[in-house]
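Trainee: I have a two-chain model open and would like to go through it. Can you take my questions as they come?
Mentor: Go ahead.

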Amino acid sequence: MVVGGGIAGMQASLDLADQGFKVYLVEKETAIGGKMAQLDKTFPTNDCAMCTISPKLVETGSHPNIEILTNAEVLDVSGNVGDFTARVHQKPRYIDIDKCVACNDCAEACPVGIPNPFNEGLNNKHAAFKLYPQAVPNAYAIEKAGIAPCRDACPAGQRAQGYIALIQEGRWDDSMRVIKMDNPFPGICGRICNHRCEDACNRNKVDEPINIRALKRFVTDKVYENPREPIIPVEITNSDQPVAIIGAGPCGLTAAQDIIKEGFPVTVFEAMPVAGGMLRLGVPEYRLPTRIIEREVQDIIDLGIDLKLNHRIEDLDALFDQGFKAVLISVGAHEGIRLPIPGANLDGVLINTLFLRDVRLGKYDNGVESDTPMLGERVVILGGGNVAIDCARTAIRLGKEVHLACLEDRENMPAHDWEIEAAIAEGVHVYPSRSFERILGDPEGNVTGMEFLVVEQFSFDESGGLHVEKKPDSKHEIACDTVIFSVGQRAGLAFIPDDAGVGITRANTIATNPNTLAATREGVFAAGDSVSGTSFVIEAVASGHTVGQSIIRYLQGKPLEPPPQPELPVVNLSDQEISDRIARGEIVHQSRVPTPEVQVDERIHNFVEIEQAYDEESAKKEAARCLSCGICSECNSCVIACGTDAIDLNMFAQEKTLNIGGIILAPGYQTYQAELSQEYGFGRYPNVITSMQFERLLSASGPTLGHLERISDKTFPKRIAFLQCIGSRDQNHDYCSSVCCMYATKEAVLAKDHFPELDLHIFLMDMRAFSKGYQQYYQRAQDNYGIHYHRSRISGIYEDPATHNLSFIYADNEGDQLERIRAEFDLVVLSVGMEISESVRNLGRQLGIELDDYGFCHTVQFNPIESSRPGIYAVGPFREPKDISESVVEASGAAGAIGSILGQSRFTLTTIKDYPPERDVSEEEPRVGVFVCHCGTNIGGYLDVPEVTEYAATLPHIVHAEDNLYTCSQDSIKHITETVIEKGLNRVVVSSCSTLTHQPLFRDSIRMAGLNPYLFEMANIRNQCSWVHSNDKPKATAKAKDLVRMSAARAALLTPQNTVNVPIDKHGLVVGGGAAGMTAALTLAESGFPVHLVEKNPELGGQLRHIFTPLNGKDPQKILNELVHRIDSNQNIAVHLNSQISNTSGFKGNFTSTLITDHGLEETINHGVVILTTGGEEYRGPEYGFGSDPRILTQQNFEEIITGHQTSPLDKDPDSIVMILCVGPAEKYCARICCTVAIKNALAIKQQKPDTQVTIIYKDIRTYGFKERLYTEAREQGVTFIRYDIDHKPEVKISQPSNSNEDSLTVLAWDKTLQRMVEIHPDLVVLSMPVIPNPDNKNLSNQFKVSIDNEGFFMEAHVKLRPIDFATEGIFMAGMAHYPKFIDESMIQAQAAASRAFRILSQDSLIAGGRVAIVDPEKCTGCLTCVRVCPFEVPIIKPDLVGVGKIMGAAYIEPAVCQGCGICSAECPAKAIQLMHFTATQMQAKVHALVQSEPVSVPLLDP
Amino acid sequence: MTDTDYEYQIVAYSCTYCAYNAADLAGGLRMQYPSQVKIVEIPCTGRIDILLPLKAIEAGVDGVMVAG
């Protein structure tokens, strides 16, 4: 199991899988690639990061032995090495990876926009997304954080975030669709909902909640502007199971809709002459216009519901007698309550519900009050709830003087505050804290007034009884002629006889099971206000849904209780999360957009709707305030858009148990969160960005397509500063992040490459360019690109608020004087360091491995990549900050270590696919089938696919042409196989997307039909046609025809390419017996492969024999002894001492070498691989007087002296020592280890004798990674550091002072900080002589046909991604022969070399052939051109081959190692070499087909 | 480059590892370019024998681009 799918994880997986292990690659993101995929380019070669990683991505994704688990995290691991059990938690992707064809339709449909972490928040991505264009697995995913609080708070689960997001995009109809998924009454709820969603809204924690209700109102108005589309009635499939619903209110109608949609007939009985219940009869017109209710009710009725108006149900049993199988009682609570106070029955006393109903039924229209009770001129409303307010405001509109009195005080009135305010504004007199004493009447029985007392306080006792404390002597009257009771409502349940079996509660509601809403009688259900008492419309809707589902389950004979489902968490953002998002600039304060209202004087004389809707602009602006809390809003837009039915928003998390032998942890790093260093203003100042953001800005596929622009104003930044060590080498991080100096330099170089006018400055402490080629890169950055480096650490940044320019003060000591300079920049890039994330620390804890205080993984002594738990390896920055190439080395190293311990179990779990035998097509005429893909709308939307298909059918040799919606979907792949068999096709062309992603899949499909996979050709009509000509359908169609014609022409000429198996010799050869060589030999041998270890010296050990002072607590000599002991006791290793290689021939898997001993004895050995570990040695040059005085030593001498392995040139302990760094060749390349070794030895001497004066004169201190701690310790111990530059080198003099007769040493150095010459008289001068390559390397490079670089070190195939391989296959390197490095680094690289070797040795044979170059010896003149041009050193001249003119000697290209680039075939002057599958004829056929729309005949064979 | 009535044709020989890959990415980013450019995938720009572009011109294409 490999944890982490970054470059290290991929490399480890590939190495293990190639060795024959089954690999589970566990990645927490939705795709592998890690941080490297985010980079624009890599140093020091400036290669495009994506171009180099992309082939690895594809290889990892398609490797049969690698199973990638995305969205997955390891929970824990039990067991021991060889037999671990890991539990892995896999979050749902919500998209079936097997069905997804990565067409992008879901992302296009998704309305949700959230900051795109891949682009470091510089742009947005959708909730349905692919991590990046080249992502592997090539499939989309949906990000869901949980349930948005708005949805959670809504009784009906209204997915508010979804429709708000759609409003932002102006998709009104979609928005309406989303509302209707949960709520059939959008226009109604958009007006009168009590919107608990807004109370729950996370935006409350920022400023004000989103005005969700007003947005809903807006969108319904927008949609209802259009004429109503007719509703198509539902097909009734269960006609024998009719359902009766009593009451056509919101609850009953919601249930009716849900039930009829399942195919059950529904009859709704309504006592009133109109449907809509309380909505229609209880809510005043000025709040809810009738047309809205009628439209939304009609939308439900038209589904096919039988609505019986004016039909009061008198008898429940009668309904069952009529054949109804279920009855729903949803009669609402329409009966008002008349308090039993004196005068309650006088004329002029009205009841709220009846009053409002009469008004809505038009009985008060035109002042005609017909048969309804009279409404006087002065009205008193009794009650303080929302209905009371409705009554009051309705009476105002009828032109009355209105008074409203209630028991509660003003603050505690049950009505919404804004309703009370609006009522007061309209002229209602409100009297809170009143007790209703009696209604006064005249002798005729008419109301004349109302008597009150003032209430001081009141309470209810346990049994509901009211206790009122009234103020004495507060009796007063309000004269009036009408009193309206508005003190509560209840259901009218008279139609339910006592013996009907339906229980009624004490509160006069129907008793039900709260989960199912089933009443006590079977088949009877009850919901809405008749169960709950009065509530809001959204609760009625929710209740309707619940009961609807219960009735459906009842009728289907299922258990009434719904099956339990795992619930998603509610996303309640914490204050911390909110403030973090504000700090990062993701949330900006913005109050609610106000809704327009009709003014008081315009509204109090009519029933015109008071609140007006948003206009489009305001609605979008308000919608844009949404924080998209749930991320996926479950709006289902993607589900509708997906053409392959791949999306399932109800997927659940899974737990997997894996049985594994070994574990490699490559979880990577996170960049330091720059907002924590507030002095730099990241998050506050828009033009302060992180280095990773800058990387994305530079990237051609980044948010600006590679255009450099400032965040604040999108202008081009001319002056840019890079600040180093942000989150490294500070009080909170005692380590160096190792990569920042180089990546800042790279970013500066690339920026300058694109935009030469840039003025770039890097502010740093030490330039840490310590690896191969880095120093030279740094030099070029200064010399060729004019990038300015300043040795100054910046302590804070100031922003000019007007221009958003940034300034800071720095100390400049590059000139003759130390100056404080204030500089202004357009853009500041913070070079952020590496940290271990909290989740990775958790992983470490779960796995029980030791981590340090920063979360980095501890490794064990003598095994630098093994964690404290045996069998679990840690690689990459998880172990220590490091760059890509070292991470790759470690990844291979861990794969080598596992290969070594689990060698026996190779190929036990891998699978081999069963193919039918290949059909011989050589005698057949070409019969080509063409499959043209629509890719949903990705091709079909921009060009005419059927036309292209028809055209394809007319081309020569085409015997079958068809178009498919998705040619790569599983069923289409199967269909291609079947079609090839059925139609006897012998060539196939697929016109779809890219060969890079899809060719292997299609090749496999024809191979399954018995065709050679090389009889396949692809036309890229998506990425290279429909998408790039999306504005011009005719031209895109024409080009697609051209591309298909070209491919078809080539296809006809394709020939099968046969592959052959070449057996492999299982021996390894390791040249060089130092730490690296011994480790490599042991790793191979312990895995069971026999090894020849060749050492030219009489004993093993190499440079390790000269290292004595421990580093990181490891004793070098102990390591040496252990290695030698293991070598001696391993029977698989044949050690050849005093021996060298005199001759080598052969190729990967089949080498033959001759060894020669010092005595001239020769021995010939066969081997499959070579590992070169020939080491390096300490430079010994004359610089700084070396050789002229025994007191001038090398660092190696010095180490031997202080550890007692050599005698000191002094007869006393030294009092003062000067060390000089970067001697001789180290002025040109950095020898990587010298700084650390010097400091290590300085500390050793300080430990022996603390008052020794130690001065280190240096250019840059390059203590990368944790070695920084040694540097800090040395400064604490009093070691003096003096920096010099190459123009002011220190001088070492030997002179005789006048007061002594002994020579003394003098060192003169220019101290830049003091700005003066410093003179030191040390007892010893220690020179850090760099490691130089073994002089044998040159010889070996000739023998093995491998390259060396300018310095004489071996040259790797690719500095970043193939740091162990030579360009020549089958030969690998490790240790200081590659570059100077520490012992543990050499040992890791040696394990890595073994791992690369395992990939070959573990196979029984090599598969050769396919796209390879073939020489026709009869045309070959043996001119050596191919031998010289091949970058992989493959062609050789074989003397026994007969060449042109029967002359002996012709070129031979071994197919097992040919890389298929075709350079030789292009360069061969005699045209004797052909690149198979890309022959001249095949390639020219395409061009001919392009220019001649009519097919031309081309010869089938190359001339 | 501008579109004219004349239907010129340009063949862009593109290395599968970089230029062809980049052309795919350009598609992903919906960058627009003239439809007369036809990309032909090659294993490596090293495969481009001088005869290939010359023969293409001879056959009648108006321009050859080698990208890698």
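**Contacts, chains and charges**

Mentor: Setting aside neighbours within four places in sequence, A:H1092 is in contact with A:H1067, A:G1068, A:L1069, A:V1070, A:A1134, A:H1136, A:I1165 and A:N1166. Keep in mind that this is a predicted model.

Trainee: Which strand is A:H1092 in?

Mentor: Strand β47 of chain A, residues 1091–1094, holds A:H1092.

Trainee: Is A:H1092 buried or exposed?

Mentor: A:H1092 is buried, because its relative accessible area is 11% and the cut-off for buried is under 20%.

Trainee: Next one. Where does A:L404 sit?

Mentor: A:L404 is in strand β19 of chain A, which covers residues 401–405. Its relative accessible area is 0%, so A:L404 counts as buried.

Trainee: What is A:L404 in contact with, leaving aside neighbours within four places in sequence?

Mentor: The contacts of A:L404 beyond those neighbours include A:I381, A:G383, A:G384, A:A388, A:I389 and A:A392. Also among them are A:M413, A:V428, A:H429, A:V430 and A:Y431.

Trainee: Let's zoom out. How many helices and strands does chain A have?

Mentor: Chain A has 42 helices and 68 strands. Its C-alpha trace spans about 140 × 95 × 60 Å along the principal axes.

Trainee: What share of chain A is buried?

Mentor: Chain A has 1503 residues, and 59% of them count as buried. Of the contacts in chain A between residues at least 6 apart in sequence, 71% join residues at least 24 apart.

Trainee: Now charges. How many salt bridges are there over all chains?

Mentor: The count over all chains is 91 salt bridges. One of them joins the side chains of A:R217 and A:E611, at 3.7 Å from N to O. A:R217 belongs to helix α9 (residues 212–224) and A:E611 to the loop between α20 (600–603) and α21 (616–623), so this pair ties together parts of chain A that are 394 residues apart in sequence.

Trainee: Are A:R217 and A:E611 buried or exposed?

Mentor: Both are buried.

Trainee: Which residue does A:D390 pair with?

Mentor: A:D390 forms a salt bridge with A:R287, at 2.9 Å from N to O. Helix α15 (residues 386–397) carries A:D390, while A:R287 is in the loop between α11 (278–281) and α12 (290–301), so the bridge ties together parts of chain A 103 residues apart in sequence. A:D390 counts as buried at 4% relative accessibility, and A:R287 counts as buried at 19%.

Trainee: What about A:R393?

Mentor: The side chain of A:R393 meets that of A:E426 in a salt bridge, 2.6 Å from N to O. A:R393 is in helix α15 of chain A and A:E426 is in the loop between α16 (417–425) and β20 (429–431), 33 residues apart. A:R393 is buried at 4% relative accessibility, and A:E426 is buried at 4% as well.

Trainee: On to the interface. How many residues of each chain are in contact?

Mentor: 43 residues of chain B are in contact with 45 residues of chain A. The area buried between the two chains is about 3,700 Å², and carbon and sulfur atoms give 59% of that.

Trainee: How many salt bridges cross between chain B and chain A?

Mentor: The rule finds 2 salt bridges across that interface. One of the pairs is B:D49 with A:K1471, where the closest N and O atoms are 2.9 Å apart.

Trainee: Which elements of chain B supply the side that touches chain A?

Mentor: β1 (10–15), α1 (19–28), β2 (37–42) and α2 (51–59) of chain B each supply at least two residues. The largest share, 8 residues, comes from α1(B). By class, that side of chain B has 24 nonpolar, 10 polar and 9 charged residues.

Methods
Residues numbered from 1 in each chain as written. Chains lettered and ligands numbered in written order. Predicted model: local features only at pLDDT ≥ 70, side-chain atom pairs only at ≥ 80, totals over all residues. Heavy atoms only, no water. Contact = heavy atoms within 4.5 Å. Buried area = accessible area lost by both parts, 1.4 Å probe. Salt bridge = Lys/Arg side-chain N within 4 Å of Asp/Glu carboxyl O. Helix = DSSP H or I, 4+ residues; strand = E, 2+ residues; numbered from the N terminus. Nonpolar A, V, L, I, M, F, W, Y, C, P; charged D, E, K, R; others polar. Buried < 20%, exposed > 50% of the residue type's maximum accessible area, 1.4 Å probe, protein only.
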